[in-house]
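Student: I've got a model open and I'd like to talk it through with someone. Can we go over it together?

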Amino acid sequence: MFNVLMVVYLLVSIALIGLILIQQGKGADMGASFGAGASGTLFGSGGSGNFLTRTTAILAISFFALSLIIGNLSANSAKEDDSWKSLSTGPAQQVEQPVTQSQDKIPD
């Protein structure tokens, strides 16, 4: 289930990036409102803005929802052999290592 959600999350994020890059800025709407070749477009003079805006909003909502779901699933799937839990299981053991004196002496 987690892997399927990650694939869907990746596809939604790529689609969201693509739709944002396709959209035109607000300054480009002036020419379309005066009929500068907008009659021959696929969505008409104002249709593409509404379509792209709504699709972007739907993808953004699904992106945030998937982010919350994936975050919740990954937070609740902690492993049993977590190293932080083993720190509080008992007293720490001391390891004694013999101190060896080196034969090389540093001149003063």
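What follows is a run of questions and answers on this model.

Tutor: Before you start, keep in mind that this is a predicted model, where local features need pLDDT of at least 70, side-chain atom pairs count only at pLDDT 80 or more, and totals for chains, interfaces and linings use all residues. Residues are numbered from 1 along each chain as its sequence is written, and side-chain values use heavy atoms, with hydrogens and water left out.

Student: Which pattern does the protein follow, read along the sequence?

Tutor: Helices (H or I, at least four residues) and strands (E, at least two) are taken as DSSP runs, numbered from the N terminus. The protein has four helices and zero strands. Read along the sequence, that gives α-α-α-α.

Student: Where is confidence lowest in the protein, and where is it highest?

Tutor: The scale here is pLDDT, the predictor's confidence in each residue, from 0 to 100. Across the protein the mean is 76, and 56% of residues reach 70 or more. The lowest confidence, a mean of 58, is in helix 2 (residues 29–33), and the highest, at 94, is in helix 1.

Student: What share of the 108 residues counts as buried?

Tutor: Buried means under 20% relative accessible area, exposed means over 50%, and partly exposed is in between (1.4 Å probe, protein chains only). By that rule, the buried share of the 108 residues is 10%.

Student: What percentage of the accessible surface belongs to carbon and sulfur atoms?

Tutor: Areas come from the Shrake-Rupley method with a 1.4 Å probe, and for residues only the protein chains shown count as cover. The total for the protein is about 9,600 Å². Carbon and sulfur atoms account for 63%.

Student: Which residues make the nonpolar surface patch?

Tutor: Like charges are joined within 9 Å, and nonpolar side chains (Val, Leu, Ile, Met, Phe, Trp, Tyr) within 5 Å. Helix 1 (2–22) and helix 3 (47–76) each supply at least two residues. The patch covers about 480 Å² and is made by Met1, Phe2, Met6, Ile69 and Leu73.

Student: What is the relative accessible area of Met6?

Tutor: Met6 sits in helix 1 and belongs to the nonpolar patch. Met6 is partly exposed, and its relative accessible area is 36%.

Student: How many residues apart in sequence are the parts tied together by the pair of Tyr9 and Phe63?

Tutor: Rings of Phe, Tyr and Trp (its six-membered ring) pair if their centres lie within 6.5 Å; planes under 30 degrees apart count as stacked, over 60 as edge-to-face and the rest as tilted. The whole structure has two aromatic pairs. Tyr9 and Phe63 form a stacked one, 5.0 Å centre to centre with 10° between the planes. Tyr9 lies in helix 1 and Phe63 in helix 3, so the parts tied together are 54 residues apart.

Student: Which residues do the ring pairs link into a cluster?

Tutor: Phe63 also forms an edge-to-face pair with Phe64, at 5.8 Å centre to centre and 75° between the planes. Tyr9 is partly exposed at 23% relative accessibility, while Phe64 counts as exposed at 54%. The cluster consists of Tyr9, Phe63 and Phe64.

Student: Leaving aside neighbours within four places in sequence, which residues is Leu59 in contact with?

Tutor: Leu59 is in helix 3 and counts as buried at 15% relative accessibility. With contact meaning heavy atoms within 4.5 Å, the partners of Leu59 are Val12, Ala15, Leu16 and Leu19.

Student: How far apart in space are Ser13 and Phe63, C-alpha to C-alpha?

Tutor: Ser13 lies in helix 1 and is buried, with a relative accessible area of 16%. Ser13 and Phe63 are 50 residues apart in sequence, and their C-alpha distance is 6.7 Å.

Methods
Patches are made of residues with over 30% relative accessible area and no salt bridge: like charges are joined within 9 Å, nonpolar side chains (Val, Leu, Ile, Met, Phe, Trp, Tyr) within 5 Å. A salt bridge is a side-chain nitrogen of Lys or Arg within 4 Å of a carboxyl oxygen of Asp or Glu.
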